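Please open the model in your viewer with the sequence panel beside it, and keep a selection tool at hand. The tour begins with the whole chain and then moves from one selection to the next.

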Amino acid sequence: MKKIYKKIIIIQTAFIGDVILATGVIEKLHTHYPEAKISLLLRKGNEHLFHQHPFLEKIFIWNKQKSKHKNLWSLLWQIRKEKFDLLINLQRFFSSGLLMIFSGAKEKICFDKNPLAWLADSNAKHTIAPQMHEIDRNQELIKNITDNQASKPKLYPTEQDYKMVQPYTTKSYICIAPTSVWFTKQFPAHKWVEFLRQLPREMNVYLLGAKSDENLCQEILEKVENPFVHNLAGKLSLLASAALMKNALMNYANDSAPLHLASSLNAPICAIYCSTSPEFGFYPVSDISFIVETQQKLDCRPCGLHGYKSCPQGHFSCAESIDTQRLVALVQQ
């Protein structure tokens with residue numbers, strides 16, 4: 001007999017990319033439990049991804065930057081008042097485990113790597129395996145109450161988001177998100193310049209990113225010296241950026257959040273992997289998607305799951321050896 005869940009909460013307090021991939025869980029739960037009221041618990045700053053989301057009832061925000069522990073306990077009491085039927089914890093940290101076990105939810109599911117997994121009603125094995133995508137790992141948590149097939153991530157830009165980017169879409173264009181939090185995940189600025197100089201000069205190019213990415217994008221723009229390259233870093237919200245990416249000829253991004261932003265709109269995407277590897281399970285899932293990585297056999301790659309502030313070997317060959325003509329070829333198809 002199928003279980004009935006009237007109120008469900010999902011915990012994902014990681015960074016933007018992980019949160020975007022968690023939307024596949026929302027999609028799957030809504031398909032199987034369309035009457036359920038679904039809530040989401042996020043770290044502060046990521047809530048903007050879900051403005052007017054059609055399947056979310058409430059969003060709970062944990063401010064980790066200010067009074068972290070005080071806010072955690074305040075959040076816990078808010079959650080307890082909701083009396084959730086089901087809590088799904090996508091995080092593997094002790095803090096999310098605390099929220100889980102004291103939530104008052106009737107049923108609690110988490111990964112086996114959470115320190116408090118033994119107190120959950122059920123848990124799933126968290127495995128980093130070749131070709132196992134993060135959305136498949138997340139699906140393991142809910143397969144017993146849904147099915148075995150993971151849903152793709154999906155975001156819902158508003159009508160206002162599409163209106164905001166409409167002036168940029170009057171002719172063909174590509175989008176580039178050139179930055180990453182981690183240096184070794186980031187295709188070098190001079191390689192982006194090299195790539196842009198090989199494109200047809202009148203190809204509209206939009207450089208995307210947060211306000212903190214504005215200076216690097218401006219540096220790239222100035223070195224390319226092409227009036228058809230535009231710096232939009234810090235000028236568009238995440239949802240507006242996704243709306244712009246949707247109809248691009250191609251989008252280019254590092255192994256970082258923007259590639260998942262493209263996947264969430266099923267937008268064409270080329271993901272460039274430097275120090276990391278798509279085998280970790282964070283590759284694009286758009287229908288039109290490409291992976292570009294070094295063709296050299298490097299003993300040092302991948303050097304880590306998340307990246308470093310500098311190349312541990314000092315040569316950064318995993319990025320420097322990538323031929324930019326491979327990126328150009330995707331536009332010329």
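Start with the whole protein and its contacts (heavy atoms within 4.5 Å): among those between residues at least 6 apart in sequence, 61% join residues at least 24 apart. This is a predicted model, in which local features need pLDDT of at least 70 and side-chain atom pairs count only at pLDDT 80 or more, while totals for chains, interfaces and linings use all residues. Residues are numbered from 1 along each chain as its sequence is written, and side-chain values use heavy atoms, with hydrogens and water left out.

**The whole chain**

Colour by secondary structure, and the protein shows 11 helices and 12 strands, where helices (H or I, at least four residues) and strands (E, at least two) are DSSP runs numbered from the N terminus. The radius of gyration is 21 Å, close to the 20 Å that the globule rule gives for 333 residues, so the protein is as compact as a globular protein of that length; the radius is taken over C-alpha atoms, and the rule is 2.2 Å times the number of residues to the power 0.38. Along the principal axes, the C-alpha trace spans about 60 × 45 × 40 Å.

Switch to a surface view next. The protein exposes about 15,700 Å², of which carbon and sulfur atoms supply 52%, as computed by the Shrake-Rupley method with a 1.4 Å probe, with only the protein chains shown counting as cover for residues. Of the 333 residues, 55% are buried, where buried means under 20% relative accessible area, exposed over 50%, and partly exposed in between (1.4 Å probe, protein chains only).

Select residues 107-111, which form strand β5; 5 of the 5 residues are buried, so the strand is largely enclosed by the rest of the structure. In a regular strand the side chains alternate between the two faces of the sheet. Here Glu107, Ile109 and Phe111 point one way from β5, while Lys108 and Cys110 point the other way, and all are buried.

Which residue of β5 is the bridge partner of Ile88? It is Ile109.

**Helix α8**

Move to residues 238-246, helix α8, where 7 of the 9 residues are buried, so this helix is largely enclosed by the rest of the structure. The buried ones are Leu239, Ala240, Ser241, Ala242, Ala243, Leu244 and Met245. To see what covers them, display α5 (159-165), β7 (173-177), β8 (204-207), β10 (250-254) and α9, which are included in that cover.

From here, select Leu199, in the loop between α6 (189-197) and β8. Leu199 is buried, with a relative accessible area of 8%, and, leaving aside its neighbours within four places in sequence, it is in contact with Ile174, Val205 and Val331. A C-alpha to C-alpha distance drawn from Leu199 to Gln325 reads 9.6 Å, although the two are 126 residues apart in sequence.

**Backbone geometry in the loops**

Most residues other than glycine have a negative phi, and most peptide bonds are trans. Select Gln52, in the loop between β2 (37-43) and β3 (56-62), where phi is near 60 degrees, a positive value in a residue other than glycine. At 58% relative accessibility, Gln52 counts as exposed.

Asn266, in the loop between α9 (257-264) and β11 (269-273), has a positive phi of about 55 degrees although it is not a glycine. Asn266 counts as partly exposed, at 37% relative accessibility.

Finish in the loop between β12 (289-293) and α10 (317-320), the place of Pro302. The peptide bond from Arg301 to Pro302 is cis, with omega near -5 degrees. Cys300 lies in this loop between β12 and α10 as well, and is partly exposed, with a relative accessible area of 26%. Leaving aside neighbours within four places in sequence, Cys300 is in contact with Gln313 and His315, and its C-alpha atom is separated by 8.9 Å from that of Cys318, 18 residues apart along the chain.

Notes:
Two strands pair if DSSP finds at least two bridges between them.
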